[in-house]
Amino acid sequence: MKDTTMAWQRSSFCATSGCIEVAQIDGTIRLRDSKNPEQPPLVFTQAEWSGFQDLVLSYEKSS
């Protein structure tokens, strides 16, 4: 099993322990709750992650 402890990143805006962490591991994007890192992360393909980012950006532009 590959060590992924250094792969997880948090937003610089995260000031508490209740943050979302993101990692790019084995060609996928993974999200986890920093309060419960032992729980399985949500796993997305590159295409799914890009679609999510596009949707967020389009929402921000329309607001």
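This is a predicted model: local features need pLDDT of at least 70, side-chain atom pairs count only at pLDDT 80 or more; totals for chains, interfaces and linings use all residues.

Trainee: OK, and the strands themselves. In what order do they sit in the sheet?

Mentor: The order is S1-S2-S3-S4. Those four strands make an open sheet, with antiparallel pairing.

Trainee: Which ones are the edge strands?

Mentor: Strand S1 (9–10) and strand S4 (42–44). Each of them pairs on one side only.

Trainee: What about S2 and S3, how many bridges join them?

Mentor: Six. Strand S2 covers residues 20–25 and strand S3 covers residues 28–33, and the two run antiparallel.

Trainee: Which residue in S3 does Ile25 stand opposite?

Mentor: That's Thr28.

Trainee: And what holds strands together in general?

Mentor: Strands of a sheet pair through backbone hydrogen bonds.

Trainee: Switching topic: how many aromatic pairs turn up in the whole structure?

Mentor: Two. One of them is Phe44 with Trp49, at 6.1 Å centre to centre. Their planes are 45° apart, and the pair counts as tilted.

Trainee: Is Trp49 buried or exposed?

Mentor: Trp49 is buried, because its relative accessible area is 16% and the cut-off for buried is under 20%. Phe44 has 25%, so Phe44 is partly exposed.

Trainee: Which residues do the ring pairs link into a cluster?

Mentor: Phe44, Trp49 and Phe52.

Key: Residues are numbered from 1 along each chain as its sequence is written. Side-chain values use heavy atoms; hydrogens and water are left out. Two strands pair if DSSP finds at least two bridges between them. Rings of Phe, Tyr and Trp (its six-membered ring) pair if their centres lie within 6.5 Å; planes under 30 degrees apart count as stacked, over 60 as edge-to-face and the rest as tilted. Buried means under 20% relative accessible area, exposed over 50%, partly exposed in between (1.4 Å probe, protein chains only).
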